[in-house]
Amino acid sequence: MSYPVTLIPGDGIGAEVTAAMRRVVDATGVRIEWEVQEAGAAVIEAYGTPLPEHVLESIRRNRVGIKGPVTTPIGTGFRSVNVALRKALDLYANLRPARSIPGVASRYEDIDLVIVRENTEGLYAGIEHDVIPDMAAESIRIITRPATERIVRFAFEYARANGRKQVTAVHKANILKATDGLFLRVAQQVAAQYPDIAFNDRIVDNCCMQLVQRPHEYDVLVLPNLFGDIVSDLCSGLVGGLGVAPGANIGKDIAVFEPVHGSAPKYAGQNKVNPTATILSGALMLRHLSEREAALRIESAVTKVIAEGQYVTYDLKAERDDPSAVGTQEMADAIIAAL
Ligand code: NAD
């Protein structure tokens, strides 16, 4: 039995981290038919768009994809391929676990948080325009009952299926009374249908402060799009940074896995960055494919290599210029050896 999976390497450091992930997943013995599809700035000339229809078709056909990061021009240029892909495939839930890994230097040792970010609307609806060029601009923030209901339900179902005890809805309903007021109201209504899971809510700024000071008070967090993006990076900072933070975009029938981090262009082509976030995204993918044992083996191998601290990339060393740091592919080799 083999699983067809669409693989989008992305750009910047994407090719390196996805190559490492692919070798590790293949080394588990699970047979994946990798269908490699390119997206991003490099394909615009050939297809007139950074996200060609045949790439979406491939994911629709295979129902499972994994991707490296894709660069988005800042301030101008084409819209984010990552946001467009989530929207086009209705991958409404962005799941970002943040769990401490022994051996990774960080403020706390036993963090185990799950961020559930709404992925299709909020400020990322991308409805923006100049009101007066160079003087005033406007962005429309969309929050709807159906999208809120399904993301909060996703958070509770995830909590139930994974033995979690509490869901926190994070919002700014004191200021954004219409949009986040609706988000909070719907969250409370959905929560009432899950009496076995504790529910509370927090205003996003207070939540950020508490996450830094008392992260253990939290368990599963559910947030509108922009807050989810920001708070999930904050949580990855609590467990050692973007190099170790995996993620998944999940829809009704389709799932696309990807690290939380971006394309880190300044490190592209240097075989330098940490492949862990993408490798752990590969493990999340294997879980999704019901290959739980292979996923566990990858997670244990990653933990072992990091705990030993020898074959790890620069970001996991106490000093960032430690000459004993290994490269992306060498760390993947060590993980394969530890499988
Ligand atoms: P980034 O995540 O690319 O990099 C920020 C910093 O984090 C890097 O300079 C590096 O120090 C560190 N870092 C990131 N990945 C790492 C890894 N694997 N190992 C070790 N250190 C790592 O964020 P950015 O600089 O804000 O964004 C760069 C580009 O990536 C932008 O074009 C942005 O739009 C895009 N981006 C894409 C995605 C995605 O594809 N899903 C997500 C975020 C950002």
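I take helices (H or I, at least four residues) and strands (E, at least two) as DSSP runs, numbered from the N terminus. The model I am reading is predicted.

**Entry 1: the loop between E12 and H9**

I began with Asn271, which is found in the loop between E12 and H9. I looked up its phi, and the value is near 50 degrees, positive in a residue other than glycine. I noted the background: most residues other than glycine have a negative phi. Asn271 is partly exposed, at a relative accessible area of 27%.

Ala264 lies in the loop between E12 and H9 too. Its phi is near 30 degrees, again a positive value in a residue other than glycine. Ala264 has a relative accessible area of 29%, and I logged it as partly exposed.

**Entry 2: the sheet**

Next I traced the sheet. In what order do the strands run? I read E2-E1-E3-E12-E11-E4-E5-E10-E8-E9, 10 strands in an open sheet with mixed pairing. The edges are strand E2 (32-36) and strand E9 (198-203), each of which pairs on one side only. On average, neighbouring strands are turned by 25 degrees against each other, direction ignored.

Strand E3 (residues 64-67) and strand E12 (residues 255-257) share 3 bridges in the parallel sense. Gly65 has Val256 of E12 as its bridge partner.

**Entry 3: strand E4**

I moved on to strand E4 (residues 93-99). Is it enclosed or open to the outside? Of its 7 residues, 6 are buried, so the rest of the structure largely encloses E4. Buried here means under 20% relative accessible area.

I looked at the partners of E4. Strand E5 (residues 112-118) runs antiparallel to E4, and 7 bridges join the two. I picked out Leu95, whose bridge partner in E5 is Val116. Strand E11 (residues 248-250) is also antiparallel to E4, through 3 bridges. There, Asn94 stands opposite Asn249 of E11.

**Entry 4: helices across the sheet**

Which strands does H5 lie across? I listed E4, E5, strand E8 (166-171), E9, strand E10 (220-223) and E11. H5 runs at about 160 degrees to E5.

H9 lies across strand E1 (3-8), E2, E3, E4, E11 and E12. Its direction is at about 175 degrees to E3.

**Entry 5: H5 against H6**

Two packed helices are described by the angle between their axes and the distance between the axes. I looked up both for helix H5 (residues 145-161) and helix H6 (residues 179-191): about 45 degrees, with the axes 9 Å apart. H5 and H6 are therefore oblique to each other. Their crossing is right-handed.

I wrote down the residues that meet. H5 brings Arg145, Thr148, Glu149, Ile151, Val152, Arg153 and Phe156, and H6 brings Leu182, Phe183, Val186, Ala187, Gln189, Val190 and Ala191. I sorted the residues of this contact of H5 with H6 into 9 nonpolar, 2 polar and 3 charged.

**Entry 6: H7 against H8**

Helix H7 (residues 204-213) and helix H8 (residues 225-238) cross at roughly 10 degrees, and their axes come within 10 Å. I therefore call H7 and H8 roughly parallel to each other. H7 makes the contact with Val204, Cys208, Leu211 and Val212, and H8 with Phe227, Val231, Leu234, Cys235 and Leu238. The tally for the contact of H7 with H8 is 9 nonpolar, no polar and no charged.

**Entry 7: two single residues**

I placed Asp201 in strand E9. How exposed is Asp201? It is partly exposed, with a relative accessible area of 28%. Neighbours within four places in sequence aside, Asp201 is in contact with Thr168, Ala169, His171, Leu184 and Gln188. I also took a distance to Ile115: 14 Å from C-alpha to C-alpha, across 86 residues of sequence.

I found it in the loop between H8 and E11. Is Val244 buried or exposed? Its relative accessible area is 4%, and Val244 is buried. I listed its contacts, leaving aside neighbours within four places in sequence: Ile101, Val239, Asn274, Thr276, Ala277, Leu280 and Leu316. Val244 and Ile66 are 178 residues apart in sequence, and I get 16 Å between them, C-alpha to C-alpha.

Methods: Residues numbered from 1 in each chain as written. Predicted model: local features only at pLDDT ≥ 70, side-chain atom pairs only at ≥ 80, totals over all residues. Heavy atoms only, no water. Buried < 20%, exposed > 50% of the residue type's maximum accessible area, 1.4 Å probe, protein only. Pairing = 2+ DSSP bridges. Axes fitted to C-alpha atoms, helices over the stretch in contact; angles between N-to-C directions. Parallel < 35°, antiparallel > 145°, perpendicular 65-115°, else oblique. Left-handed = near helix turned anticlockwise from the far one by under 90°. Contact = heavy atoms within 4.5 Å. Nonpolar A, V, L, I, M, F, W, Y, C, P; charged D, E, K, R; others polar.
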